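Let's take a walk through a protein chain, one piece at a time. Have the picture open as you read.

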Amino acid sequence: MELFTPDFGLVFWMFVSFAILFFILWKWGWPVIMKGVSDRADLIDKGVEYAQNAKQQLDHAREEADKYIADARRQQADMLREADRMKSQIIDEARSAAQSEAKKVMDAAKVSIEQERKQAEQQFRNEVSSFALDIAQKVVRNQMKDEKAQEQLVSSLLDEMEKQN
Amino acid sequence: MKRNIFTSLLLAIVAILLPLGAAASESHPADSTEEKSGAVDAQGIIFEHLGDRYGWEVPFNHHKSIPLPVIVWGSDGLHVFSSARVEHGATYRDGNAEFKVAGKDSPYKGKVVEIIDGKEVKPTIDISITKNVCGVFIAVLLVIWAIMSVARWHRTQGMKGPRKMTGAVEFVILFIYDGVIKPTLKDKANKFAPYLLTVFFFILVMNLLGLIVIFPGGANLTGNIAVTLVLAIITFLITNIFATKHYWKEIFNPDVPWWLKWPLPIMPVIEIFGIFTKPAALTVRLFANMMGGHMIVIVLTLLIFIFAAMGPAVTGATAVVSIIFSVFMLLIDVLVSFIQAYVFTMLSTLFIALGQEDGHGEHKKDEAHGHDAAATPAEAPKAPATNPA
């Protein structure tokens, strides 16, 4: 039965030992460990979260880059097309400008030629008329040397006027 | 696999050949000393090994032991002397008082007694540093060293993962904390975790120390009722000191039909009885489990000597079988050491958690039962408590 009767000395020392053990661990052991473990868990959680974010951002960045590249390509194509368009437009404009300029020159030339021609025609007419008048004078002088012929003419002219009226 | 077969074959051959070889030598005259001493005093040896003593025995030597201080309060005050002085029935005179270790026939068998007028008188107080007390000190130092190494790691190495022993200890700490304390005590876990973890490691180290046969092990600590009693009393005190109003209300005025409380307060009596059966169960289960394990190993070893009377052949066979079985038992005891420490911690957690219940928890539990049969986490660890180990 001695096994079932607690010995006072052992009970006493057991209490003392446990009290000391508990005090030491309670004061310097467990709080440090618990805090350390939870801090480390937090750190790991944060690390995982960070890695996930980084991966997401990386994926996103790739997408973004692809988007930018595609954008740039499109812009490039747009610009090329625009340049092409502008080129032909400029050529067209230049052509039409040249045409209109040429036309203007031609028109001006035509006008001056016409004027010249008209002037020449006028001059020619004036000259022809003066020639004709001179010739007519000379003819008339020759024919109208006698009075009779003058009267005959006057009368014929008068007749003509009468007929007209 | 191949290797296992080989090993077992080898063992079988040895088991067969050894007794045969011994039988062959039977013609030689048997050891004379054995016949003189007669039958082995099995009971005496078992109780000597399971019990406590002044001084710590060393292997292969029955005459010398490591002396430990004897501290007694005799009839004329305090006496402190070495246990070597009272070894082997010697009487020691300290001042006017005479001391000796009581013999087998005395009611104070194995304890230091004062001899007054030829009569053996038990000293008023005996707080000697016995083998078990010394074992407790060693266990305390080991626990402090193990836990402090983890704490130091956390202080100095910061967020680095611990390695080797530190890592192993930390793993066990977290195993107990996350597996037992946190799910049962929930938000109050941090308040009681220091006590529960300390208890766990203290018991575990004491259990394992008990399995080592030579100094600094060999003291049957957790197989001693005084040790388990103290631990159970501390759990009992913590449970009841920190208990909530609800806990006390459930004891004195439980939620049962009125005729169970009036005129005969059957339920309150049962509940009050229950307060004290809890620590008693804690005490006995740990004590009995560890003592049983030690006893089986000792008995198995003793079998060799008991059968020695029946001739060398039987002795040889018994030796092989006994050793195989006691090694097996010791390995099981390693497992049991952990399991018992775990169970003690778990039950303590549970008892403390019962003392922490407030009305809300009860309602929630009822609801949970109403909706589905899924056990709440607080209940889960209860299951092993019902089957006595």
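Among contacts in chain B between residues at least 6 apart in sequence, what percentage join residues at least 24 apart? The figure is 61%, where a contact means that two C-beta atoms, placed from the backbone, lie within 7 Å.

A quick word on what you're looking at: this is a predicted model, where local features need pLDDT of at least 70, side-chain atom pairs count only at pLDDT 80 or more, and totals for chains, interfaces and linings use all residues. Residues are numbered from 1 along each chain as its sequence is written, while chains are lettered from A and ligands numbered from 1 in the order in which they are written.

Chain B has 12 helices and nine strands; these are DSSP runs numbered from the N terminus, with helices being H or I of at least four residues and strands E of at least two. Of its 389 residues, 32% are buried, meaning that 20 or more other C-beta atoms lie within 10 Å of a residue's own, with C-beta atoms placed from the backbone.

Now find strand β1 (residues 56–58) of chain B, which runs antiparallel to β2(B) and is joined to it by three bridges. Val58(B), for one, has Asn61(B) as its bridge partner. Two residues sit between the strands of this hairpin, and Phe60(B) takes a positive phi near 65 degrees.

Next comes an open sheet of three strands in chain B, ordered β4-β3-β9 with antiparallel pairing (strands pair if DSSP finds at least two bridges between them). Its edge strands, β4(B) (77–82) and β9(B) (125–126), each pair on one side only. Six bridges link β3(B) (residues 69–74) to β4(B), and Val72(B) stands opposite His79(B) in β4(B).

Definitions and conventions
Buried ≥ 20, exposed ≤ 12 C-beta atoms within 10 Å, placed from the backbone.
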